[in-house]
Amino acid sequence: MTETLLAVRDLSVTFGPRGRRVSAVDGVSFDVAAGETLGLVGESGCGKSTTGRALMRIVEPTSGTVTLEGVELTAASGRTLREQRTAMQMIFQDPISSLNPRRRARDIVAEPLDCWKRAAGEERRRIVDELLAQVGIDPVAYGDRYARQFSGGQCQRISIARALAMRPKLLICDEVVSALDVSVQAQILNLLEDLKAEYGLTLLFIAHDLAVVKNISDRVAVMYLGRLCEIGPADTLYSAPAHPYTEFLLGAALEADPEAPRRGEVLQGEPPNTLNPPSGCRFRTRCPFATERCAAETPPLREVAPGHQVACHFPLTIARREGAGA
Amino acid sequence: MSDETLLRVREVTTTFDTPQGRLTAVDGVSFDLAAHESLGVVGESGSGKTVLSRTIMGLQPRRGVSVTGSVLLNGTEVVGASEDAKRELWGRQVAMVFQDPMTSLNPVVKVGRQIDEVLRVRLGMGRPAARARAIELLEMVGIPAAATRYGAYPHSLSGGMRQRVVIAIALAGSPQLLLADEPTTGLDVTIQAQILNLLDEVQGRLGMSMILVTHDLGVVATRTSRLVVMYAGRVVETGTTRDVFARHRMPYTRALLESSPKVSNPSHTRLAVIPGRPPNLLELPPGCAFAPRCAYATDRCASERPVLEPADEPGHLFACFNPLPPRAGSPS
């Protein structure tokens, strides 16, 4: 396998004062190999965005380690942290509020270069023009326009150009297409694929839309209530999910095809309160297969197939699917 | 068919006066909706789908908006109707479910009271009867411990539960037509599936007609029998849901379908892309609004406006000078 770029071990984030503590992320571990795209899916409150932010240390992890290219970010501080952070950049959901409306596209993209004094004068201009052109914004016609003059899709393109200015190795995309129209969403997804190839980027793609995540990811990780349920190659995980929650999630995904068969049962109820999560497996309160063991023991992530791990005492194996007549 | 028609929309045009000039949000839209039928209205932002649903409801600000054409709901004309006449329709003939359940509920009034209001004001029920009926409605929309939740404030409910309350309010007057404008946008996928199932179920049980307005083709694919595809305020294609998905003729419909990623496609499937973005309604081209983004556009498309013309299948119409060839058989 290719080398690991990002290693996350037992990452936990808790918010709030003692007694009313919300465990937003609880013991999450995963690796991202150089050059791959890892999709992180889950419903609201599952901790996917907090995980992304904790990697950048926008929110401080309560425990656990994050290692980027062998440097432990969670132990770093001051200048080391700042320098390491240039190797990872983040793009956010709302493209319009991510940009200062009163600044010009060109200056927004140049900001990281100015901060780090990476380029000035003619070279700075050349780099910025190149970045804008690469994300599909004509630097001559639009470079001097203000952020407020751009549409949502164009603002997202500028955000991407800004993130690329530091030539990062890892790009964390947090719901970057969810606010966009379908036709614009497809443009941005294709753009990310192209840029990934061109810059040799590694992507952590956080989103709630299962179809979008599958489209862009090599591997997919599923989160529920702060924990990882399942992680595996995108195609395998979607065709043969091993965690009951993944199965329900996929069953609820709506396919734009009237002939598509409906995939089984709809998950009932809503996620429990994060202030007081269930003991053992956090999904057990809604899981049709839960037993006493699920309440007593937290299921660890274990491998069910090469590269396919699941945190469930009773994973949906092929034998069990056939046995159930499914 | 005509005696079954619940809603008849004819040449509806809604314009707004803005500081930049007159903006046509809905432009000459016509369609019929039969009793018990469910119709999907799809389009991207700015396509006019929300303004259309508000026009059908008769919900417009008084100033700066003008509506022409006719919206005949069960024999009553909505366009130009007085506020009193519209109030007679709202709740009992037609009700609406909006996108954001937090802003459609009053945050400082208990949810039960908000349902009661419809029952007491519209149906003239007394307090005890209204309360009992409200609890019944809460149960019907799948809210557990309905009697307790009757006294809950909206902020203590989750987004999915709030949307259920909004649906309960809409159903309180037993309307014949339910307009649902992006009812599941902003909800999680599993909750979205629950809400769509609930709408399906109550529609069937109460024998209502439903108009489901959405940008998400996945939402309408299996939940509606007919579709209206809108672009820049106009209907560009309409037909049975199956025909529109499998035998669409308008290039925009195809582009919309092919640019949405699908769960059933392998990962890294290259998405077909529509260049450009939805047009500015203040600067619409004289011809087909989609022409600047269309791969099949000719000079005629830029200067002349295509009108809806029939395709091979009954009820299937499209507005295009250079339509895609009719396709037989299963969808791609």
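Let's start where chain A meets chain B. This is a predicted model. The contact takes 39 residues from chain A and 41 residues from chain B. On chain B, four helices each supply at least two residues to the side that touches chain A: α8 (189-206), α9 (217-221), α10 (241-246) and α11 (251-259). Which helix gives the largest share? That is α8(B), with seven residues. By class, this side of chain B has 18 nonpolar residues, 16 polar and seven charged.

Stay with α8(B). Its partner here is α7(B), residues 159-172. The two axes lie 10 Å apart, and the helices pack at an angle of about 15 degrees. Angles under 35 degrees count as roughly parallel. So α7(B) and α8(B) are roughly parallel to each other. The crossing is right-handed. Who meets whom? From α7(B) come Gly160(B), Gln163(B), Arg164(B), Ile167(B) and Leu171(B). From α8(B) come Ile191(B), Gln194(B), Ile195(B), Leu198(B), Val202(B) and Leu206(B). By class, that contact has seven nonpolar, three polar and one charged residues.

Now over to chain A. Chain A is divided into two parts: domain 1 covers 4-87 + 168-323, and domain 2 covers 102-166. Their C-alpha centres lie 31 Å apart. Domain 1 of chain A puts twelve residues into the contact between them, and domain 2 of chain A puts in eleven. On the domain 1 side, helix α7 of chain A, residues 182-199, gives the most, with six residues. And the classes on that side of domain 1 of chain A? Ten residues are nonpolar, two are polar and none are charged.

Note on methods. Residues numbered from 1 in each chain as written. Chains lettered and ligands numbered in written order. Predicted model: local features only at pLDDT ≥ 70, side-chain atom pairs only at ≥ 80, totals over all residues. Contact = placed C-beta atoms within 7 Å. Nonpolar A, V, L, I, M, F, W, Y, C, P; charged D, E, K, R; others polar. Domains from an automatic or database assignment. Axes fitted to C-alpha atoms, helices over the stretch in contact; angles between N-to-C directions. Parallel < 35°, antiparallel > 145°, perpendicular 65-115°, else oblique. Left-handed = near helix turned anticlockwise from the far one by under 90°.
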